[in-house]
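Here are my notes for you, with the model alongside. Have a look at it first, then read on.

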Number of protein chains: 2
Amino acid sequence: MIYLDNAATSYPKPRTVVNAVKNSFINYGANPGRSGHKLSVKTALEVYEAREILNEFFDGYGGEFVSFTSNCTEALNVAIKGVLTNGDHVVISSFEHNSVTRPLHFLKEKGLISYSVFDVCDSTEKTIENFKNAIKPNTKLAVVTAVSNVFGRILPLEELGEIAKNKGVLFFVDGAQGAGIIPINMKKMNISCLCIPGHKGLLGPMGTGAILHNGMNFLPLIQGGTGSRSFDLLQPSEYPDRLESGTLNVPGICGLKEGVRVVKSMGVDRIFEEENFICNEIFKGLKNIKNVNLYEENRMKNNYAPVLSFNIEGKHSESVSAILDKHGIAVRGGFHCSPLAHNFMGTKQTGTVRISPSVRTDKKDINILLNLIRKIAFNEFI
Amino acid sequence: MIYLDNAATSYPKPRTVVNAVKNSFINYGANPGRSGHKLSVKTALEVYEAREILNEFFDGYGGEFVSFTSNCTEALNVAIKGVLTNGDHVVISSFEHNSVTRPLHFLKEKGLISYSVFDVCDSTEKTIENFKNAIKPNTKLAVVTAVSNVFGRILPLEELGEIAKNKGVLFFVDGAQGAGIIPINMKKMNISCLCIPGHKGLLGPMGTGAILHNGMNFLPLIQGGTGSRSFDLLQPSEYPDRLESGTLNVPGICGLKEGVRVVKSMGVDRIFEEENFICNEIFKGLKNIKNVNLYEENRMKNNYAPVLSFNIEGKHSESVSAILDKHGIAVRGGFHCSPLAHNFMGTKQTGTVRISPSVRTDKKDINILLNLIRKIAFNEFI
């Protein structure tokens with residue numbers, strides 16, 4: 001199998017990540033922060049180290065402001081619902097995922113909030129202008145994805161963060177396709193809250209994620225046992241406990257910690273460069289195939305992450321990906337949980353075939369892929 | 001180390017559980033329910049099998065009505081907040097954990113709901129009477145733990161479920177200390193919704209849990225990408241998707257599936273009998289030590305799960321557990337996130353030392369434990 005679906009989850013995981021998970025069952029097998037015995041304390045320290053590593057990796061506001069979640073979607077729900085109150089307005093980009101739009105739509109339908117969508121353009125200046133214009137007097141929050149999960153477009157986080165700061169608007173970033181793929185620096189980019197998955201660019205296990213923030217006053221979405229202030233019926237206000245009720249995913253967190261270590265040792269810049277080189281090779285190859293539609297003509301000039309979408313004229317993206325699968329290539333067809341992006345890019349009828357390679361993808365894989373797509377485009381398969 | 005803290009998390013996990021987690025990284029390493037390629041479909045099938053196994057184990061209402069969560073606390077929050085609306089009344093037992101009381105307290109403080117606590121007595125008849133009396137005309141829901149996480153008391157679920165059914169009240173069970181420890185049969189016990197952790201009696205990894213229900217109309221707590229109905233801004237209403245947004249903890253679910261298989265092959269009845277025999281031996285030994293306070297005099301007669309609490313006269317439970325830890329015994333001191341239970345049992349000043357053995361605990365472990373406690377009680381340690 002040639003696996004080109006790393007935007008859904010990175011595969012395979014580094015061997016050291018799998019070993020970290022496996023070893024955690026013995027070395028960090030007690031419930032952290034609950035009991036006071038050695039194994040529990042040792043486990044709690046390991047979990048705390050994972051917070052510190054994530055905090056350092058994203059230049060966050062301290063290990064205590066890193067709370068673990070089960071995925072990026074949970075982190076986004078906790079963040080968004082944790083700050084919005086009646087009458088608030090929210091600004092989001094035209095590339096947001098359902099993990100942002102569905103919670104907002106839910107709050108809107110309840111009559112609590114409103115939101116506006118700003119278009120992301122080829123020109124960064126125009127994007128910034130659109131963002132500025134979308135901000136209203138009652139805008140409390142902007143939620144922006146670091147990278148489009150369908151088209152790979154990188155959003156100008158630093159510029160948008162600067163505007164949000166100047167306008168007194170909270171700036172939340174959906175790091176689903178950005179964490180571990182492009183450099184994200186919370187302080188430099190004025191990010192108030194960063195939501196990340198552990199299982200994509202950070203190479204950790206599925207079932208991991210985190211919310212990193214600047215210490216703001218979130219109302220928790222979930223209350224319960226935290227192992228702290230047991231006698232209080234109120235959820236503790238201290239972080240990270242405030243946002244972490246119930247037993248943590250210790251094996252997952254140990255794997256994520258190792259995943260981040262691997263990414264750090266390879267270097268995000270180097271990973272980005274290698275993966276983007278591969279992606280651009282695929283893009284160039286696809287450009288030469290008749291009947292193939294591509295959507296980001298500026299990929300070779302502008303800022304893109306290693307995710308690209310295409311279609312074959314007259315075919316649904318899911319049929320194309322099914323044929324590729326039959327021939328041993330794993331990509332994703334369909335809508336990728338991002339209706340906004342498809343509306344914006346004009347692909348709402350067919351969806352897109354999404355290709356997301358990794359540093360392991362080689363020249364041979366690319367050739368096999370391009371040959372197959374050529375055959376599909378020329379109707380050599382039924 | 002003699003590990004007697006299985007009520008916090010079971011340790012060590014069976015070797016086959018660790019192997020199932022490890023192997024999942026290769027065999028079930030794609031994102032389930034997202035892409036259509038073989039590895040993704042294979043992973044989705046494995047996850048579905050885990051639903052089916054849990055459904056069968058608890059005699060539930062179908063695999064589609066099993067949604068995975070990151071722990072039992074999340075499951076309880078999803079369940080409780082998913083059904084309560086303005087003006088509802090809730091009945092809970094005097095043994096509920098903060099995972100039940102904190103969400104309810106939060107809703108109460110918001111002015112949305114009210115709740116009453118019924119006392120669990122030695123006499124089942126009296127307990128049933130108290131439960132009946134606590135139900136009001138506006139009672140929508142009863143939430144009852146299967147087993148007290150501090151004192152091991154088993155609640156008469158079948159009798160309470162029957163009353164709830166007759167009164168038209170939803171009957172939710174917190175299976176934190178009951179799942180895999182005592183038989184729980186949703187249909188026989190009229191349980192509308194069962195919340196469970198995967199990492200305690202079911203021997204799965206930390207970071208796993210589930211909500212099993214009878215198909216009722218839950219309003220989801222979290223919205224986001226589900227891989228289904230991508231183009232709809234509304235959260236899908238179909239189960240299990242409705243309650244599962246974002247990427248699932250596939251390694252954890254694979255481990256949990258194997259944990260349940262191990263429990264099934266050993267037999268819940270046999271595990272219960274063996275662990276309770278050990279617990280009763282400890283209880284009898286503690287009874288003979290001067291200055292040791294025990295709280296459940298009827299343990300030998302009545303229904304108790306393998307969890308017991310004690311104190312040493314004039315000492316805080318956390319000092320006692322610290323000395324035990326120093327000598328290689330892992331137990332938990334303090335309040336165990338259950339203020340209600342301590343208020344009810346009169347242990348709110350000291351908390352309790354909690355002992356929770358497993359089938360691996362042997363006669364030698366018990367002797368070492370009892371000898372140490374005797375020394376602590378006789379002030380042989382400073």
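**Notes on the model**

1. Let's start with one helix. Helix H2 of chain A covers residues 38-57, 20 residues in total, and it reaches 29 Å from its first C-alpha to its last, close to the 28 Å expected at 1.5 Å a residue. The expected span is 1.5 Å times one less than the number of residues. Helices (H or I, at least four residues) and strands (E, at least two) are DSSP runs, numbered from the N terminus.

2. Before going on, a word on the source: this is a predicted model, where local features need pLDDT of at least 70, side-chain atom pairs count only at pLDDT 80 or more, and totals for chains, interfaces and linings use all residues. Residues are numbered from 1 along each chain as its sequence is written, while chains are lettered from A and ligands numbered from 1 in the order in which they are written.

3. Which residues of H2(A) are buried? They are A:Leu39, A:Ser40, A:Thr43, A:Ala44, A:Val47, A:Ala50, A:Arg51, A:Leu54 and A:Phe57. They cover an arc of only 150 degrees around the axis, which puts them on the same side of H2(A). That arc is taken from the directions from the helix axis to the C-beta atoms. Buried means 20 or more other C-beta atoms within 10 Å of the residue's own, exposed means 12 or fewer, and partly exposed is in between, with C-beta atoms placed from the backbone.

4. What do these buried residues pack against? In chain A, they meet strand E2 (66-69), strand E8 (209-213) and helix H7 (250-266), and from chain B comes strand E11 (329-330). Contact here means C-beta atoms, placed from the backbone, within 7 Å. Just after H2(A), A:Asp59 takes a positive phi of about 50 degrees.

5. Two cis peptide bonds deserve a look. One joins A:Tyr239 and A:Pro240, with omega about 0 degrees, and A:Pro240 sits in the loop between E8 and H7 of chain A. Another runs from B:Tyr11 to B:Pro12, with omega near -10 degrees; B:Pro12 lies in the loop between strand E1 (2-3) and helix H1 (15-27) of chain B.

6. A:Asn379 has phi near 55 degrees and is found in the segment after helix H11 (363-377) of chain A. A:Asn379 is exposed, with 11 other C-beta atoms within 10 Å. B:Leu203 has a phi of about 65 degrees, but B:Leu203 is buried, with 28 other C-beta atoms within 10 Å.

Definitions and conventions. Two residues are in contact if their C-beta atoms, placed from the backbone, lie within 7 Å.
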